[in-house]
Every structure is written in structure tokens, then in C-alpha cells.
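Please look over the following model and its sequence, and then follow the explanation through its side-chain contacts and helix packing.

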Amino acid sequence: MTDATREAVSDVVASTLAQTPAAPTPGMNPWIRLVEAGLLEVVWASGMKSTQGFTKLWPSVLVIVAMIASFTLLAQAMKFLPAGTSYAIWVGIGAVGVAIFGMVWLKEPATAWRIGCILLILLGVLGLKLR
């Protein structure tokens, strides 16, 4: 990498890190967007099994639409919330939601160990939100 390229990349990174996002538009709460993104993650992750490796058209369409919506809402929330916190909460909502979905609708085992681990994930998500 040339010095000019290195300097250009450094300038882009520095200006990106220095940018402070504008305030959210009225009516747009980034925490609500993050929860919506997490719930859509539950939809697409739970629906993956029904796509049968993306060989079933309509389940695949639903999963892809939910993925796009989930990522879009996550990106909107991340404009105003810390990236690490946003991502961890999004993943936590998805992990807990899919685990519960599996236990309730797919009859996966609901052992005390599994439920305890889900509670630990919830505790971590709450800790990040409350910090």
C-alpha cells in the first residue's frame, strides 16, 4: 500500500469516527427499532428450517424479506446507539427468541440448563441496555 493510499484510508476512517449522528427523527426511537430488528431476526432465523436449504420458494421469500427488514432496522438503530451494544442486544433477542420458539413449537428440550442459559442471555441484554 502506498503512502498516499494509507493516508487516504486514514482520513476516511478518522472522519467516519469523528462524525456524530444527527438526532433521530421525531417518532423514531432507536431502541424500538432495535427491538423490532431483533424480533424480525427471530422470524428469519426460525423460518430458516422451513426453507429446507432455500429450496422452498415461499418460506425462502419470507426469510429473505425478514432478513432485509431486520438488517435495515438494525442499521437504523446503530446510527444512534453504540455498535457493540446494538449488535449484542439484537443477537440476544434473536437467540432467546429462537430458543423459545424451538422449545414451544418445535418441541425441542426445555431443560433447566437450557432455560438457565436463556436467562443468562437475557441478563446480559438487560445489563447492556441499563449500563
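In this predicted model, Trp44 touches Val63, Ala66, Met67, Ser70 and Trp90, when residues up to four places away in sequence are not counted. Trp44 also belongs to the largest nonpolar core, a group of 14 residues in which Leu34, Ala37, Leu74, Ile89 and Trp90 are, together with Trp44, those with the most contacts inside the core. At least two residues of this core come from each of α2 (30–51), α3 (57–78) and α4 (83–104), and the largest share, 6 residues, is supplied by α3.

On the α4 side the contact is made by Thr85, Ala88, Ile89, Gly92, Ala95, Val96, Ala99 and Met103, while α5 contributes Arg114, Ile115, Ile118, Ile121, Leu122, Val125, Leu128 and Lys129. By residue class, the contact of α4 with α5 divides into 12 nonpolar, 2 polar and 2 charged residues.

Helix α4 also holds Phe101, whose relative accessible area of 24% makes Phe101 partly exposed, since buried would require a value under 20%. Setting aside residues up to four places away in sequence, Phe101 touches Ser46 and Leu106. Although Phe101 and Ser46 lie 55 residues apart along the chain, their C-alpha atoms are separated by 7.2 Å.

Notes: Residues numbered from 1 in each chain as written. Predicted model: local features only at pLDDT ≥ 70, side-chain atom pairs only at ≥ 80, totals over all residues. Heavy atoms only, no water. Core = buried A, V, L, I, M, F, W, Y, C linked by side-chain atoms within 4.5 Å. Buried < 20%, exposed > 50% of the residue type's maximum accessible area, 1.4 Å probe, protein only. Helix = DSSP H or I, 4+ residues; strand = E, 2+ residues; numbered from the N terminus. Contact = heavy atoms within 4.5 Å. Nonpolar A, V, L, I, M, F, W, Y, C, P; charged D, E, K, R; others polar.
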